[in-house]
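Biologist: I would like to go through this model with you. Could we begin once it is on the screen?
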2 protein chains.
Amino acid sequence: MNHKPDAPWPEMRLSPVGVVRSGITSPMLAAGDGDLELQEKNEAMREYHEKVEDGICELVIHPDFAELLEGIEDFSHVMVLYWPHLIDPSKRRLRKVHPMGRKDLPLRGIFSTCSPARPNPILVSVVPLLERDGNILRVKGLEAVDGSPIIDIKPFVEPSHGAKDPKVPEWMKRIHRDLGIDTPAEA
Amino acid sequence: MNHKPDAPWPEMRLSPVGVVRSGITSPMLAAGDGDLELQEKNEAMREYHEKVEDGICELVIHPDFAELLEGIEDFSHVMVLYWPHLIDPSKRRLRKVHPMGRKDLPLRGIFSTCSPARPNPILVSVVPLLERDGNILRVKGLEAVDGSPIIDIKPFVEPSHGAKDPKVPEWMKRIHRDLGIDTPAEA
């Protein structure tokens with residue numbers, strides 16, 4: 001099976017369409033980093049997660065692109081693609097990680113995790129859209145650091161973006177339990 | 001509200017991590033394009049959609065990145081980020097479209113639609129993962145044209161990627177009805 005394209009690869013260069021304005025100023029791993037014991041680390045991450053979950057932040061779209069938002073207010077949820085700009089570019093070469101930096105969880109390939117350190121560091125979050133005010137969208141619970149470049153906004157459309165009865169491995173369930181995240185589908 | 005970043009924007013350049021191998025060789029709009037009447041166009045799109053939905057395709061990851069897939073087989077669904085390489089780059093400047101090229105649907109801003117023509121044309125699909133065979137993932141129902149560069153693979157994780165009771169506008173419900181897509185959440 002050939003992994004090479006039939007034609008030369010296109011140039012794939014991105015330009016930001018806006019910026020995230022949020023009360024979150026450092027990535028989650030920093031919050032739980034260092035030489036903390038597992039219990040303290042979990043505690044720090046749980047606090048961080050609660051702060052993110054309750055937080056309202058603004059997606060400030062470049063005024064030139066405001067027109068592209070027309071009609072987004074008719075959807076209850078949006079999918080936000082953003083760039084984790086505080087992650088060192090050298091981390092794009094990482095191959096495996098302990099999820100959430102937790103040594104008690106198994107080492108997994110980057111594509112099996114939500115690590116922001118990936119070959120093409122584009123992060124995707126689906127969040128409730130509270131309000132559109134011209135070129136600004138207010139959303140709840142976005143885990144993006146203040147200043148993150150926004151790459152794309154899409155409406156959340158269940159047939160393309162949802163999953164029926166999704167299954168995740170035990171280590172992911174453990175992360176959710178430790179963060180206090182309620183996921184009925186995994187019960 | 002300032003839409004400018006606090007620091008210079010990072011260089012955001014992507015490299016493909018693999019390629020889609022699929023029986024789909026042209027984008028959906030081509031299938032329903034031209035001067036067809038609405039009913040014929042809907043019929044063509046419905047056929048196209050059924051072909052996509054039942055199709056099994058392969059995500060052929062570059063062997064250098066095979067290790068990054070380790071553990072992905074423990075998830076039931078994956079999120080695939082890919083580049084619509086057949087879309088003319090000039091279409092990145094489009095601002096509004098009639099969804100699915102249907103003049104009977106209202107003109108909407110690109111960010112409110114799933115149009116592949118967007119400032120940063122990265123498409124996102126969540127699909128069931130059937131099997132991993134080394135550096136190859138077999139998935140079902142991916143609407144990506146053969147040869148599409150793959151940008152990222154992520155596990156589908158409901159708390160970050162799902163939505164509770166998502167609402168969509170009437171025009172989107174109409175598209176789903178016309179394509180024969182069953183979406184309980186929108187009933």
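Biologist: Which helix do the buried residues of α4(B) pack against?
Modeller: This is a predicted model. In it, the buried residues of α4(B) pack against α2 of chain B, which spans 38–54.

Biologist: And which residues of α4(B) are buried?
Modeller: They are M172(B), I175(B) and L179(B). Viewed down the axis of α4(B), these buried residues fall within an arc of 55°, so they line one face of the helix.

Biologist: What happens just after α4(B)?
Modeller: G180(B) follows there, and its phi is positive, at about 75°.

Biologist: Let us turn to the strands of chain A. In which sense do β1 and β2 of chain A pair?
Modeller: Strand β1(A), residues 18–21, and strand β2(A), residues 56–61, pair in the antiparallel sense, over four bridges. Within β2(A), the residue opposite G18(A) is I61(A).

Biologist: How many bridges join β2(A) to β7 of chain A?
Modeller: There are five bridges between β2(A) and β7(A), residues 136–140, and these strands run antiparallel. As one pair to look at, E58(A) has R138(A) in β7(A) as its bridge partner.

Biologist: Changing topic: how many residues does each chain bring to the contact?
Modeller: Chain A brings 75 residues and chain B brings 76.

Biologist: Which elements of chain B supply that side?
Modeller: Each of the following supplies at least two residues of the side of chain B that touches chain A: the strands β1 (18–21), β2 (56–61), β3 (77–82), β5 (108–109), β6 (123–133) and β8 (149–155), and the helices α3 (158–161) and α4 (170–179). The largest share, six residues, comes from β8(B).

Biologist: What is the make-up of that side by class?
Modeller: The side of chain B that touches chain A has 42 nonpolar, 18 polar and 16 charged residues.

Biologist: Why do the copies meet through the same surface?
Modeller: Of the interface residues of chain B, 99% are also interface residues in chain A, so the copies meet through the same surface.

Biologist: What rotation superposes chain B on chain A?
Modeller: A rotation of 180° does so, with 0.0 Å of shift along its axis and an RMSD of 0.0 Å. The two copies are therefore related as by a two-fold rotation axis.

Biologist: Which C-alpha of chain B is nearest the axis?
Modeller: That of R13(B), which lies 2.3 Å from the axis.

Notes: Residues numbered from 1 in each chain as written. Chains lettered and ligands numbered in written order. Predicted model: local features only at pLDDT ≥ 70, side-chain atom pairs only at ≥ 80, totals over all residues. Contact = placed C-beta atoms within 7 Å. Nonpolar A, V, L, I, M, F, W, Y, C, P; charged D, E, K, R; others polar. Buried ≥ 20, exposed ≤ 12 C-beta atoms within 10 Å, placed from the backbone. Arc of directions from axis to C-beta. Pairing = 2+ DSSP bridges. Least-squares fit on C-alpha atoms with pLDDT ≥ 70 in both.
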